[in-house]
Amino acid sequence: MDRGDMSRNVRAIRHRAARWAVRAGRAASRRLGPRAEFGLERALLKRSWRHLEPARLQKYLVAGYQSPLINLQSILARHHLVNQIAGDRFKDLERSELEFAVARNRQMRAEQKRLGAKAGQRDKSAKEAFATVMADGGTIFMDRWRAELTGLTGNRISVLEPACGSANDYRYMAQCGLIDHLDYRGFDLTAANVSNAVDAFPGADFRLGDALDIDAADASFDWVVVHDLFEHLSPAACERAISEVCRVSRSGVLVSFFHMADIPDHIVTPLRSYYRNRLSLDRTREAFLTHCRSVDAIHISRFAADEFGLKRYYNSLAYTFIVQK
Ligand SMILES: C[S@@+](CC[C@H](N)C(=O)[O-])C[C@H]1O[C@@H](n2cnc3c(N)ncnc32)[C@H](O)[C@@H]1O
């Protein structure tokens with residue numbers, strides 16, 4: 001056995017031991033009750049993001065198909081907030097922006113095909129395709145919205161964004177002028193994300209926080225907006241986070257899911273320090289309905305196909321929930 005084999009074996013043994021320790025810890029904490037269970041989950045969630053460099057977090061989920069400039073879920077979330085402020089007077093602009101995003105999604109796929117992306121390299125080729133397709137910056141709708149929203153007199157609303165990352169969606173809410181109409185607060189469990197967000201937007205309200213125990217009074221925000229969090233939580237923590245976002249919202253909650261399907265039960269996949277579950281549409285809807293009045297579930301690839309003739313959205317498991325309190 002050479003040195004390389006030996007260090008690979010040592011790494012494998014370490015990983016296996018760590019996995020075993022986490023499994024044993026999870027089982028023990030479950031027996032001790034929710035406080036211990038969520039305490040351990042919080043510590044593991046923190047650990048799972050801690051090793052990522054701030055510079056990497058800064059770019060995480062803002063390029064490729066996930067860029068809020070062309071990601072249909074991010075765009076629908078912004079439109080939803082615009083609607084709360086200004087009613088439906090911008091329907092035409094909303095449709096044009098969605099058409100633009102669908103066109104760029106199509107171009108990305110064509111470019112990836114041209115690059116000859118093989119399975120396993122799809123993320124890399126999506127980034128390359130994004131750079132090509134968005135060579136013009138892709139911000140034309142940021143400018144069009146800014147022109148409409150600057151000086152607009154409408155309702156002002158308060159918005160809370162748990163798991164806000166490094167201001168991933170916020171930076172586009174700011175660029176398009178939407179933020180001027182919001183009393184916004186974002187929080188995240190990962191300190192590096194919060195400091196990235198504060199550095200980029202010193203005047204904004206970004207702080208450390210935990211979606212399992214939100215530091216806010218009941219009904220203290222008009223809307224809560226969450227992108228891509230619930231799949232990473234254990235089923236118990238997911239229920240807890242759902243009850244928390246419903247508790248602190250006055251009007252409702254808008255949630256983007258990246259891994260949901262029309263299946264009878266959640267498919268639970270624990271990883272070393274977090275989860276990557278495939279959520280059941282019905283079970284998740286029921287969880288919201290124990291706290292809220294209605295749930296409008298949008299299957300994004302069906303929406304893109306029906307409304308814009310897009311044959312394949314990049315993620316067939318993406319759903320957006322608009323939950324009314
Ligand atoms: C997949 S990323 C999504 C980031 C961002 N919302 C987006 O869609 O671009 C998940 C984020 O959730 C944060 N997170 C994980 N568990 C959390 C918790 N219990 N409370 C708050 N944030 C959490 C992580 O730090 C990370 O920023």
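The structure is a predicted model, in which local features need pLDDT of at least 70, side-chain atom pairs count only at pLDDT 80 or more, and totals for chains, interfaces and linings use all residues. Residues are numbered from 1 along each chain as its sequence is written, and side-chain values use heavy atoms, with hydrogens and water left out.

**Thr269 and its loop**

- Thr269 is found in the loop between β6 (260–261) and β7 (279–280); strands are DSSP runs (E, at least two residues) and helices are DSSP runs (H or I, at least four), numbered from the N terminus.
- Leaving aside neighbours within four places in sequence, Thr269 is in contact with Tyr274, Tyr275, Arg276 and Asn277, where contact means heavy atoms within 4.5 Å.
- Thr269 and Glu231 are 38 residues apart along the chain, and their C-alpha atoms are separated by 9.4 Å.

**Ligand site**

- The ligand is surrounded by 19 residues, of which the closest are Ala163, Asn168, Asp188, Thr190 and Asp210; a residue is near a molecule if one of its heavy atoms lies within 4 Å of it.
- Helix α2 (34–50) and strand β2 (182–188) each supply at least two residues of this shell.
- The shell comprises nine nonpolar, seven polar and three charged residues; Ala, Val, Leu, Ile, Met, Phe, Trp, Tyr, Cys and Pro count as nonpolar, Asp, Glu, Lys and Arg as charged, and the others, Gly among them, as polar.
- Oxygen atoms of the ligand lie 2.5 Å from a polar side-chain atom of Asp188 and 3.0 Å from an N or O atom in the side chain of Asn193.
- A polar backbone atom of His227 is 2.9 Å from a nitrogen atom of the ligand.
- Taken alone, the ligand exposes 600 Å², and the protein buries 97% of that; these areas come from the Shrake-Rupley method with a 1.4 Å probe.

**Nonpolar cores**

- The largest nonpolar core has 57 residues, and Leu81, Leu178, Leu182, Tyr184 and Phe206 touch the most other members; such a core is a set of buried Ala, Val, Leu, Ile, Met, Phe, Trp, Tyr and Cys residues joined through side-chain atoms within 4.5 Å.
- Helix α4 (residues 72–86) provides the largest share of this core, eight residues.
- A second, separate core of 35 residues includes Ala211, Ala216, Cys238 and Ile242.
- Not counting residues up to four places away in sequence, Leu182 touches Leu81, Ile85, Arg156, Ile157, Val159 and Met173.

- Glu41 lies in helix α2 and is buried, with a relative accessible area of 8%.
- Beyond its neighbours within four places in sequence, Glu41 is in contact with His232, Leu233, Ser234, Ala237 and Tyr275.
- Thr320 lies in strand β9 (residues 319–324) and counts as buried at 1% relative accessibility.
- The side chains of Thr320 and Gln73 make a polar contact (3.3 Å), that is, a pair of N or O atoms within 3.5 Å; within protein, one must be able to donate a hydrogen and the other to accept it, and residues adjacent in sequence count only if both atoms are side-chain atoms.

**Arg302 in α12**

- Arg302 is placed in helix α12 (residues 300–308) and is partly exposed, with a relative accessible area of 47%.
- The side chain of Arg302 makes a polar contact with the side chain of His299 (3.1 Å).

Note on methods
Buried means under 20% relative accessible area, exposed over 50%, partly exposed in between (1.4 Å probe, protein chains only).
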